[in-house]
Structures are given as C-alpha cells and as structure tokens.
Amino acid sequence: MTTPRNSGEDRPAPAETPAGQDAPAPSGSTHASSASSPDGHGHRVAAMFGRIARWYDILNHGLSLGQDIYWRHRLVRHLRLPRNGLLVDLAAGTMDVTLTALRQFPDARVLALDFAQPMLARGRDKVAARGLSDRVLPALADGRVLPLPDACADAATIAFGIRNIVPREQAFAELFRVLKPGGRLCVLEFGSGRTRIWKGLYNLYLDRLLPMAGRLVSGDSDAYRYLADTIRNFPDARELGREMRAAGFDRVLWHPLLSGIVYVHVAEKAGDGKSA
Ligand SMILES: C[S@@+](CC[C@H](N)C(=O)[O-])C[C@H]1O[C@@H](n2cnc3c(N)ncnc32)[C@H](O)[C@@H]1O
C-alpha cells in the first residue's frame, strides 16, 4: 500500500498502523506536535469513544434498529473513486464506512483515520477478519490537522464524526486540502435535533431514551447524553451545506434520510473542469 508522504513542514508524520499491527497510543510520540494533539474537548471526546469502543457497534445497530447500516450504504453510493483510488475515511471509528466502501470499490485503498485508538483497534480486527488488511491503513490522526499532503486523496468520507470536531471549519478545510481537484467529500450526520420530527417523538427519544439505553448497555450515560447534546446543537442541513461551501467546496447537495433524522451531504472540490 502506498503511504502518503508529508508535505507540510510543520505537519506531523502519519501515525501509521498497517492493519494487523498494534495501533499506537493516542498520546506521546504518535502526535508529534501540539498542533496535532487533541485539545481539552478533543481529549474528552477521544477518551469517551475509547471507553465505549467495545459497545459501539452493538449500540449503533441496536439504537438505530439496524438503520445505520443502510445509512452508510447510502453514503458510499455517492462516492466516486477511480481504479485503485485512495479514500480518506475520517473519524473512521470501528471502520464500518471503510468496510462498506470496500464492498462497493474492492480495489480501493482506504486511509482510516481517527484519534481514538480503541475504536481503530476494533476496526482493524474487523478488517483483518475479512482479509482486507492490505487495503486499509489505519492511523491515529486528529481531523483538524490531517497528517497528509495536499491533493492526495481521490475521495473522503466522514460518518457521524463531523459533529464531534470543534471547530468544524478546520476539519472541512483539511478535507478540502487533501482532496484532489474533482474529488468528492461525502458526509453522513444527524440532522439538527432542534427540528421536531414525528411530532416530537424522535426528540423525546433523543433526550430520554437514548441516554438511558446507552447507560444500560455501556454503563456510560454521559456518552449518550453527549450524543443527544451534540445532535441538538448541530446546525440544520442548509447551514451545514453553507459551512462546506465556505470551506471551498462546490456542488454541495444534501439528501435527507428517515424524515431528516440523518442527512448525507455531498460536495466536490472543483478542478480541471470535470468532476471526480
Ligand atoms: C460516532 S463515531 C463514528 C465512527 C464511524 N465513522 C461510524 O460510522 O460508525 C465518531 C468517531 O469520530 C472520532 N473523532 C471525533 N473527533 C475526532 C477528531 N477531531 N479527529 C479524529 N477523529 C475524531 C471518534 O474518536 C469516533 O471514533
């Protein structure tokens, strides 16, 4: 697998963890500069996902009644990848998007980036169990400072990750930077929890049921309270589209799923007069 080189002088080298080997810990030498290290918010988020990593998949599928599998499939359908193309899957977590993308594009190579080592470790095991380790390079990285050269990726995805990154603009700017001209970014994220859906039933689910179910299964109600809070404070689809345009993306479109509980945003980095 080709390993992207570092172009920015003050950018840290990628914390490479070829699938099948131990992913490095998220602190110390894997983050070569403070600019790449998660700050207070990032540390809390990384630690939280580290705590719930073992429950993450089961809770995801259970709390969405399996819908999350379909949502990732819808996300990946919007990808455009050339043969042997390089996909950056940011906030890859346990790598369900990575695996879904590889089903659709078996010859693709995926850089699975996340700053929570236990999430990546679980993903790496899933990738290895499917015999796909040679197609995936997991690496610890903060989405606000990607350890990648400019214009190296054919496409990028981020599923249920952008909500966690503060400030979002920085992640969008980085994704824009690392995409090749014509490359496509596909974002899967909850819609704003402030929008009343199903006469408020969904909002009740977010506020009450979700933290309770999260606590019962993982013993961590804070994590699922955090989930509800970030969804409630997330911008609506139009505003998110505006943020993506502000980062430089063109042709920003969005598609609601399940009455707007979830959205797929698709955007392109203009280039060469043709799309990816
Ligand atoms: C809800 S999970 C989503 C995982 C996966 N994409 C999926 O579809 O299931 C969010 C992931 O984003 C990661 N994350 C949050 N903020 C991040 C950041 N600043 N840089 C890198 N990863 C981040 C977390 O560690 C976590 O694994």
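## Model and confidence

The model is predicted; local features need pLDDT of at least 70, side-chain atom pairs count only at pLDDT 80 or more, and totals for chains, interfaces and linings use all residues. Residue numbers start from 1 along each chain as its sequence is written.

The chain averages a pLDDT (the predictor's confidence in each residue, from 0 to 100) of 83, and 82% of the residues score at least 70. Residues 1-36 have pLDDT below 50, and this stretch has 74 contacts in the model beyond near neighbours in sequence. Two residues are in contact if their C-beta atoms, placed from the backbone, lie within 7 Å. Where pLDDT is low, the predicted coordinates should not be read in detail.

## Shell around the ligand

There are 22 residues around the ligand, and Ala91, Gly93, Ala116, Gly143 and Ala159 come nearest. A residue is near a molecule if its C-beta atom, placed from the backbone, lies within 6 Å of it. Two or more residues of the shell are given by each of α1 (40-63) and α3 (96-104), and α1 has the largest share, 5 residues. Helices (H or I, at least four residues) and strands (E, at least two) are DSSP runs, numbered from the N terminus.

By residue class, the shell holds 12 nonpolar, 6 polar and 4 charged residues. Ala, Val, Leu, Ile, Met, Phe, Trp, Tyr, Cys and Pro count as nonpolar, Asp, Glu, Lys and Arg as charged, and the others, Gly among them, as polar.

## Annotated positions

The unreviewed UniProt entry carries the annotation "binding site" for Thr94, Asp114, Asp142 and Gly143. UniProt positions are given in the numbering used here, feature names are shortened, and annotations may be inferred rather than shown by experiment.

Asp142 is in the loop between β4 (136-140) and β5 (153-159), and Gly143 lies in the loop between β4 and β5. Asp142 is buried (20 or more other C-beta atoms within 10 Å of its own, C-beta atoms being placed from the backbone; exposed means 12 or fewer, partly exposed in between) because it has 25 such neighbours. Gly143 has 24 and is therefore buried. Leaving out residues up to four places away in sequence, Gly143 touches Leu90, Ala91, Gly161, Ile165, Ala171 and Glu174.

## Backbone geometry

Most residues other than glycine have a negative phi, and most peptide bonds are trans. The bond from Val166 to Pro167 is cis, with omega near 0°; Pro167 is in the loop between β5 and α5 (168-178).

Asn84, in the loop between α2 (67-77) and β2 (86-90), has a positive phi near 55°. Arg251, in strand β7 (residues 250-257), has a positive phi of about 45°. Asn84 is exposed, with 12 C-beta neighbours inside 10 Å, and Arg251 is exposed with 12 other C-beta atoms within 10 Å.
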